[in-house]
Amino acid sequence: MLKHFMLATTLALLATQANAQDAKGSEPSRVTKSSDAKGVDASKNIVPLKVTVVFTEYDGEKKVSSLPYALFLKADENSRYVGKVRMGVRVPIWTGGKESAVQYQDVGSNLDCSAQAAEDGKYMLDMSLERSSIYPNSSEYPAASKPEERPQPLMRQFRANLALLLRDGQTMQNTVATDPLNGHTVKVEVTLNIVK
């Protein structure tokens, strides 16, 4: 009888230890599953966006030029991603002196934009825009002329910092500026689209 009791007790202890080891072995998988769920939730919070910016110049009612740029961003609750576009040329400018020194000036467009999700399916865009250009015909000169006789190009510059609240598919014309020399107006149009 004592042998049967000892055998039953030993089997019960072995079964208890086996159950405890199974429980310990299954805990890491539970942790892994919860961390996987967090990773999936985090990826759901990232929304890919396309922001289109168009600079349009008018001479009265006549459209003179239209320059579109596109930035691809992400609206992310965990980090502030800034999309950037740089497009332009370096223009040589003669600075005079005995050595006929030349400096290069960057001319073109610089756009920075970040986005954050807001209420009702809208997104807050924080934008910094810069556009520079050479006045037409301001740097034309005969090929054989001396550097000191060449007219220096006139540079035009436009800068704006914008905070816009847009929803998917919405377009907003938000900035109008007038050139003080020739009276042309520059309009900036921004469109937001969710990338699907």
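Author: Let's start with a term: rings of Phe, Tyr and Trp (its six-membered ring) pair if their centres lie within 6.5 Å, and planes under 30 degrees apart count as stacked, over 60 as edge-to-face and the rest as tilted. Here, Phe-55, Tyr-69 and Phe-158 form one aromatic cluster. Keep in mind that this is a predicted model, where local features need pLDDT of at least 70 and side-chain atom pairs count only at pLDDT 80 or more, while totals for chains, interfaces and linings use all residues. Residues are numbered from 1 along each chain as its sequence is written, and side-chain values use heavy atoms, with hydrogens and water left out.

Reader: How many aromatic pairs does that rule give?

Author: A pair of aromatic rings is described by the distance of the centres and the angle of the planes. In this chain the count is two aromatic pairs. The ring centres of Phe-55 and Tyr-69 are 6.0 Å apart and their planes stand at 80°, so this pair is edge-to-face. Phe-55 is in strand 1 (residues 47–59) and Tyr-69 in strand 2 (residues 62–75), 14 residues apart. Phe-55 also makes an edge-to-face pair with Phe-158, at 6.0 Å centre to centre and 85° between the planes. Phe-158 sits in strand 6 (residues 155–167) and Phe-55 in strand 1, so the pair ties together parts 103 residues apart in sequence.

Reader: Are Phe-55 and Tyr-69 buried or exposed?

Author: Buried means under 20% relative accessible area, exposed over 50%, and partly exposed in between (1.4 Å probe, protein chains only). Both Phe-55 and Tyr-69 are buried, and Phe-158 is buried too. Of the chain's 196 residues, 26% count as buried.

Reader: Which residues touch the most other members of the largest nonpolar core?

Author: A nonpolar core is a set of buried Ala, Val, Leu, Ile, Met, Phe, Trp, Tyr and Cys residues joined through side-chain atoms within 4.5 Å. The largest one has 26 residues, and Val-51, Val-53, Phe-55, Leu-125, Met-127 and Val-190 touch the most other members. Elements giving two or more residues to this core include strand 1, strand 2 and strand 6.

Note on methods:
Helices (H or I, at least four residues) and strands (E, at least two) are DSSP runs, numbered from the N terminus.
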